[in-house]
Structure formats: C-alpha cells, structure tokens
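This briefing sets out the architecture, surface and selected residues of one protein chain. Please consult the sequence and the structure shown here alongside the notes that follow.

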Amino acid sequence: MVIVIESVLLPFLGTVFGAACVFLMKETNLKLQRGLTGFAAGVMTAASIWSLLLPAVEAAENLGRLSFLPGLMGFWIGMVVLILPDKLIPHSNFGKTKKLFWAVTLHNIPEGMAVGAVCAGFISGEADVSVMGALALSLGIALQNFPDGAIVSMPFQAEGYGKMRSFSIGVLSGVVEPVAALITIIAAELLVPVLPYLLGFAAGAMFYVVVQELMSDTTPVLFGVGFSLMTVLDVALG
C-alpha cells in the first residue's frame with residue numbers, strides 16, 4: 001500500500017516543486033528543463049512498453065493470437081483522450097496564461113488515470129505489473145510535471161500576481177492528478193475485466209505526452225539514460 005501511495009503522490013509533488021520555482025528564479029532554466037524532459041521522456045517510453053503494453057497483452061492472453069487487441073484499442077483511446085483538451089479549451093475569453101493553466105490541468109487528468117491504472121493492475125494481480133514499473137512510471141510523470149508546474153506558475157507571476165498566489169495556481173493545476181489516480185484505484189475491482197484496455201489507455205496517454213510535449217525539447221543522451229534505467233529497474237529488478 002505504501003508503494004501505491006508513493007506512486008499516486010510522486011507526480012503531484014513534481015508539479016508542486018515546479019510551481020515553487022517562482023520563489024527561486026525569475027525565468028525557467030532551459031538547460032535544466034531540457035535535461036529533465038529528456039530523462040522523463042526516456043523513462044516514460046520504457047515504462048509504456050514494459051509496464052503497460054506488455055502487461056496488457058499478458059492480461060488478455062485468454063484471447064490467444066488476439067491478445068494484443070485490448071491493449072491496442074486502449075492505446076488509441078488514450079491517444080485520442082489526450083488530444084481532446086486542446087479542442088475543449090475556450091480560446092476567445094481566456095488570456096495566454098489562463099489558457100495554459102487549463103491546458104496543463106486537463107492533460108493531468110488522463111495522466112493521473114494512467115498512474116491509477118498501473119496501481120490497479122499491481123493491486124489486483126491480474127496483470128504482470130511490477131513495483132518498479134509503477135514507481136518508475138510515476139517518477140517519469142513527476143519529472144515531466146516539474147517544468148509543467150513552473151510554466152504555469154511563473155507566467156502568472158510575470159503578469160503581476162504575487163509569488164504565493166502564482167505558486168498556488170501552479171499547485172492547483174496538479175491537484176486533479178492524484179484525484180484521478182485514486183478514483184481509478186478505488187474502482188479497481190470493477191475495472192479488472194477491462195484492465196488490459198486501461199493499461200493500453202495509459203500507454204497511449206504516455207506516448208502522446210512524450211511525442212507531443214517532450215520530444216521537441218529533449219536531450220537525446222538523457223533520453224537514453226532514462227530509457228535504460230527504467231528498463232533495468234522494471235525488467236531486471238521488477
């Protein structure tokens with residue numbers, strides 16, 4: 001249970017620490033951001049494969065040669081769900097900073113569901129989800145959330161908001177993540193029959209985040225480090 005709590009809280013803490021940048025710097029450190037996003041992209045890519053897609057296939061092994069189907073369907077559902085926030089955010093009545101706040105907040109919901117899905121698989125034992133897999137996925141999301149928290153809070157400070165208020169707004173953008181994770185975990189027993197779809201959904205959501213939000217500003221070497229580390233943790237030590 002401690003592992004589950006840590007997995008749920010890690011991504012939120014990433015947002016909190018990122019939002020706290022308003023107290024430490026006037027603008028984001030681009031080198032630090034590139035390093036974090038590169039490492040996070042590597043971790044999340046490996047976690048999507050070892051901790052999500054492969055367990056999804058194994059959880060549906062009763063389907064024989066079609067055991068890939070639930071995970072694949074879930075994967076594309078996850079991709080589509082991550083695209084929707086861009087369509088749902090109102091454009092006419094919101095400034096750039098408020099639009100950014102809603103964009104990050106809405107993207108955090110399926111990310112929280114992804115963590116919840118992995119934890120649900122670990123708790124139920126219906127899928128071959130390892131402790132390291134759950135923690136590594138949460139760590140990858142937490143590292144990705146660090147710059148997210150900063151890019152939400154710091155623009156508000158630049159517009160004249162106080163540091164504490166800007167920090168609070170940044171933290172608020174991440175609150176939905178543990179809530180979404182907990183709701184998914186609480187419904188774990190009901191979700192066991194669709195667990196392969198959920199794991200595929202989580203993988204699709206993670207792939208979208210990596211490709212759309214991280215790969216354009218990634219350090220390739222640190223991507224490789226993150227991917228390698230996650231592979232060792234999940235496969236060798238899982």
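Is Val-209 buried or exposed? Val-209 counts as buried, because its relative accessibility is 0% and buried means under 20%. The structure is a predicted model. The chain has nine helices and zero strands, and 49% of its 238 residues count as buried.

**Overall architecture**

- From the N terminus onward, the elements of the chain follow the order α-α-α-α-α-α-α-α-α.
- Among contacts in the chain with a separation of 6 or more, 86% are between residues 24 or more positions apart.
- The accessible surface of the chain is about 11300 Å², and carbon and sulfur atoms account for 71% of that area.

- Val-209 is located in helix H8, which spans residues 195-214.
- The C-alpha atoms of Val-209 and Met-79 lie 8.9 Å apart, although 130 residues separate the two in sequence.
- Ala-203 is another residue of helix H8, and Ala-203 is classed as buried because its relative accessibility is 0%, where the limit for burial is under 20%.
- Ala-203 and Leu-52 are 151 residues apart along the chain, yet their C-alpha atoms are separated by 5.8 Å.
- Beyond residues up to four places away in sequence, Ala-203 touches Leu-52 together with Ser-48, Leu-53 and Phe-75.

**Helix H6: geometry and residues**

- Helix H6 covers residues 163-186 and contains 24 residues.
- From the first C-alpha to the last, H6 reaches 36 Å, which is close to the 34 Å expected at 1.5 Å a residue.
- A bend of about 30° occurs in H6 at Ser-173, and Ser-173 is also among the residues touched by Thr-15.
- Ser-166 belongs to helix H6 and has 0% relative accessibility, so Ser-166 counts as buried.
- With neighbours within four places in sequence set aside, Ser-166 is in contact with Val-22, Ser-153, Phe-156, Gln-157 and Tyr-161.
- Val-179 also has its place in helix H6, but this residue counts as partly exposed because its relative accessibility is 42%, a value in between the under 20% of buried residues and the over 50% of exposed ones.
- Val-179 is 7.3 Å from Gly-112, C-alpha to C-alpha, while the two are 67 residues apart in sequence.

**Helix H1: the setting of Thr-15**

- Thr-15 lies in helix H1, which comprises residues 2-19.
- The relative accessible area of Thr-15 is 2%, and Thr-15 is therefore buried.
- Which residues does Thr-15 touch, not counting residues up to four places away in sequence? They are Asn-145, Gly-149, Gly-170, Ser-173, Gly-174 and Glu-177.
- Of these partners, Gly-170, Ser-173, Gly-174 and Glu-177 fall within the 163-186 range of helix H6.

- An α-helix has 3.6 residues a turn, so residues three or four places apart point the same way.

Conventions
Residues numbered from 1 in each chain as written. Predicted model: local features only at pLDDT ≥ 70, side-chain atom pairs only at ≥ 80, totals over all residues. Heavy atoms only, no water. Helix = DSSP H or I, 4+ residues; strand = E, 2+ residues; numbered from the N terminus. Buried < 20%, exposed > 50% of the residue type's maximum accessible area, 1.4 Å probe, protein only. Contact = heavy atoms within 4.5 Å. Expected span 1.5 Å × (residues − 1). Bend = angle between axes of the 7 residues up to and from the residue. Areas by Shrake-Rupley, 256 points an atom, 1.4 Å probe, with all protein chains shown as cover.
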